[in-house]
Amino acid sequence: MLYTLAGGGTLCGVAALVLLIVSTATDFWMQYRYSGASANQGLWRFCINHKCHAHTITVAFWDATRAFMLLSVLSCFAGVLLGLSAFGNGTKSRRVRTGGFALLLSGFLALLALAIYTGVTVNFFGKRFLDWRFSWSYIVAWVAIILSFAAGGFQLCAYQKNIAELPPTNVQES
């Protein structure tokens with residue numbers, strides 16, 4: 001049972017990792033109209049009429065969102081590696097448990113990043129631009145959060161099942 005749950009957790013973790021990387025790297029977190037032209041922005045750049053430029057001002061919410069997303073990617077990567085190590089020689093139940101916690105941490109960090117981004121976008125950009133919407137990179141990040149939490153849950157369930165299936169240790173009395 002360990003390999004089924006840990007395998008599912010690792011598979012969800014790999015999918016979450018790919019989606020977190022794609023979401024963090026792409027420029028479609030928000031789309032809006034700017035002086036009649038179509039525009040979009042990501043964490044690193046903004047694009048107007050398909051001409052992209054780096055963000056010119058440093059705003060704390062972008063820095064916080066970037067930092068939490070990058071930490072989430074690193075935590076997810078660690079969780080996936082620890083999950084894969086369960087398929088090596090013998091059962092590595094502590095690695096599965098630690099991988100589960102890393103994947104849950106990844107989901108929490110990405111959730112924190114999206115909460116910050118959502119709050120600022122709705123309260124600041126939502127008032128500045130009349131015609132705006134969240135775009136596919138932002139939605140991909142939400143899917144990655146769900147997969148990351150699912151992966152962590154599967155890993156922790158695999159650990160619990162493995163502990164429950166272990167034979168009791170024999171205590172010898174002298």
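Guide: The following conversation sets values against definitions for this predicted model.

Visitor: Which elements does the chain have, and in what order do they run?

Guide: The chain has four helices and five strands. From the N terminus on, the order is α-β-β-β-β-α-α-β-α.

Visitor: What makes C47 and C52 a disulfide?

Guide: The sulfur atoms of C47 and C52 are 2.0 Å apart. The cut-off for a disulfide is 2.5 Å, so this pair qualifies. The structure holds one disulfide. In general, a disulfide is a covalent bond between the sulfur atoms of two cysteines.

Visitor: Why is the disulfide of C47 and C52 called right-handed?

Guide: The torsion about the S-S bond of C47 and C52 is about 100°, and therefore the disulfide is right-handed.

Visitor: Is C47 buried or exposed, and how do you know?

Guide: C47 has a relative accessibility of 4%. Buried means under 20%, so C47 counts as buried.

Visitor: How are C76 and C157 classed, and why?

Guide: C76 has 0% relative accessibility, which is under 20%, so C76 counts as buried. C157, at 41%, falls between the limits of 20% and 50% and therefore counts as partly exposed.

Visitor: Where does C76 belong among the nonpolar residues?

Guide: C76 is one of the 28 residues in the largest nonpolar core. Together with L20, W29, M69, L114 and Y117, C76 touches the most other members. The elements that give two or more residues to this core are α1 (2-25), β1 (30-34), α2 (60-84), α3 and α4. A second, separate core has six residues, including A6, A86, V96 and Y159.

Visitor: Which residues does L114 touch, leaving aside those up to four places away in sequence?

Guide: L114 touches W29, M69, Y138, A141, W142 and I145.

Visitor: Which residues make the nonpolar surface patch?

Guide: L105, F108, L111, L112, W142 and F149 make this patch of about 490 Å². Its largest share, four residues, comes from α3. Both α3 (93-128) and α4 (136-165) supply at least two residues each.

Visitor: Why is L112 called partly exposed?

Guide: L112, found in helix α3, has a relative accessibility of 31%. This value lies between 20% and 50%, so L112 counts as partly exposed. Patch residues need over 30% relative accessible area, so L112 also passes that cut-off.

Definitions and conventions
Residues are numbered from 1 along each chain as its sequence is written. This is a predicted model: local features need pLDDT of at least 70, side-chain atom pairs count only at pLDDT 80 or more; totals for chains, interfaces and linings use all residues. Side-chain values use heavy atoms; hydrogens and water are left out. Patches are made of residues with over 30% relative accessible area and no salt bridge: like charges are joined within 9 Å, nonpolar side chains (Val, Leu, Ile, Met, Phe, Trp, Tyr) within 5 Å. Accessible areas come from the Shrake-Rupley method with a 1.4 Å probe; for residues, only the protein chains shown count as cover. A salt bridge is a side-chain nitrogen of Lys or Arg within 4 Å of a carboxyl oxygen of Asp or Glu. Buried means under 20% relative accessible area, exposed over 50%, partly exposed in between (1.4 Å probe, protein chains only). A nonpolar core is a set of buried Ala, Val, Leu, Ile, Met, Phe, Trp, Tyr and Cys residues joined through side-chain atoms within 4.5 Å. Contact means heavy atoms within 4.5 Å.
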